[in-house]
Amino acid sequence: SLKVALLIGNQDYEGLGRLHNPATDVETLARCLASLSFRVIALVNLTHAEMNNALNEFCSMLHEGAYGVFYYAGHGFKKDELSYMVPLETPHSAGDDGGVAGFSCDDCLCVQRALACMQETGAALNLLILDMCRAESR
């Protein structure tokens with residue numbers, strides 16, 4: 001059975017603070033999944049367009065009976081019960097406490113959209129792993 005993994009690690013954000021582990025985590029997970037015969041697509045520091053393209057390409061590889069693994073490490077947030085992955089160039093506004101208070105959902109990749117894309121393929125296994133905060137966006 002075909003096994004495909006898409007691993008995305010965003011860490012070099014401008015204005016949000018650099019994260020220290022996403023690239024290393026993607027590299028480590030890529031080695032582990034490759035040892036289990038997964039075809040691995042490992043990407044680091046993606047823009048919104050690049051994340052969308054990678055997701056679409058990944059989903060086009062999945063088919064009935066395949067195993068799909070999607071991993072994301074980076075900034076994230078939730079709004080109206082949906083979760084979002086934050087690309088590198090995403091505009092944001094600072095809150096009163098200095099933390100990130102506002103993202104536009106249109107500038108980010110919706111987790112539920114990623115899962116739906118995987119589910120529509122008829123794959124036998126869809127595994128979604130998120131290493132991100134889910135701070136409430138205002």
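What follows is a walk through the cysteines and a nonpolar surface patch of this predicted model.

The structure holds 1 disulfide, and the residues that form this pair are C59 and C117, whose sulfur atoms lie 2.2 Å apart. C59 belongs to helix α2, which covers residues 48–61, while C117 belongs to helix α3, which covers residues 111–119, so the bond ties together parts that are 58 residues apart in sequence. Both C59 and C117 are buried.

C110 takes part in no disulfide, since the nearest cysteine sulfur, which belongs to C105, is 7.9 Å away, whereas a disulfide calls for sulfur atoms within 2.5 Å. With a relative accessible area of 15%, C110 is buried. C133 is likewise in no disulfide, and for this residue the nearest cysteine sulfur is that of C108, at 11 Å.

On the surface, a nonpolar patch is formed by Y67, L125, L127 and I129, which together have about 300 Å² of accessible area. The element that gives the most to this nonpolar patch is strand β9, spanning residues 125–131, with 3 residues.

Note on methods. Residues are numbered from 1 along each chain as its sequence is written. This is a predicted model: local features need pLDDT of at least 70, side-chain atom pairs count only at pLDDT 80 or more; totals for chains, interfaces and linings use all residues. Side-chain values use heavy atoms; hydrogens and water are left out. Helices (H or I, at least four residues) and strands (E, at least two) are DSSP runs, numbered from the N terminus. Buried means under 20% relative accessible area, exposed over 50%, partly exposed in between (1.4 Å probe, protein chains only). Patches are made of residues with over 30% relative accessible area and no salt bridge: like charges are joined within 9 Å, nonpolar side chains (Val, Leu, Ile, Met, Phe, Trp, Tyr) within 5 Å. Accessible areas come from the Shrake-Rupley method with a 1.4 Å probe; for residues, only the protein chains shown count as cover. A salt bridge is a side-chain nitrogen of Lys or Arg within 4 Å of a carboxyl oxygen of Asp or Glu.
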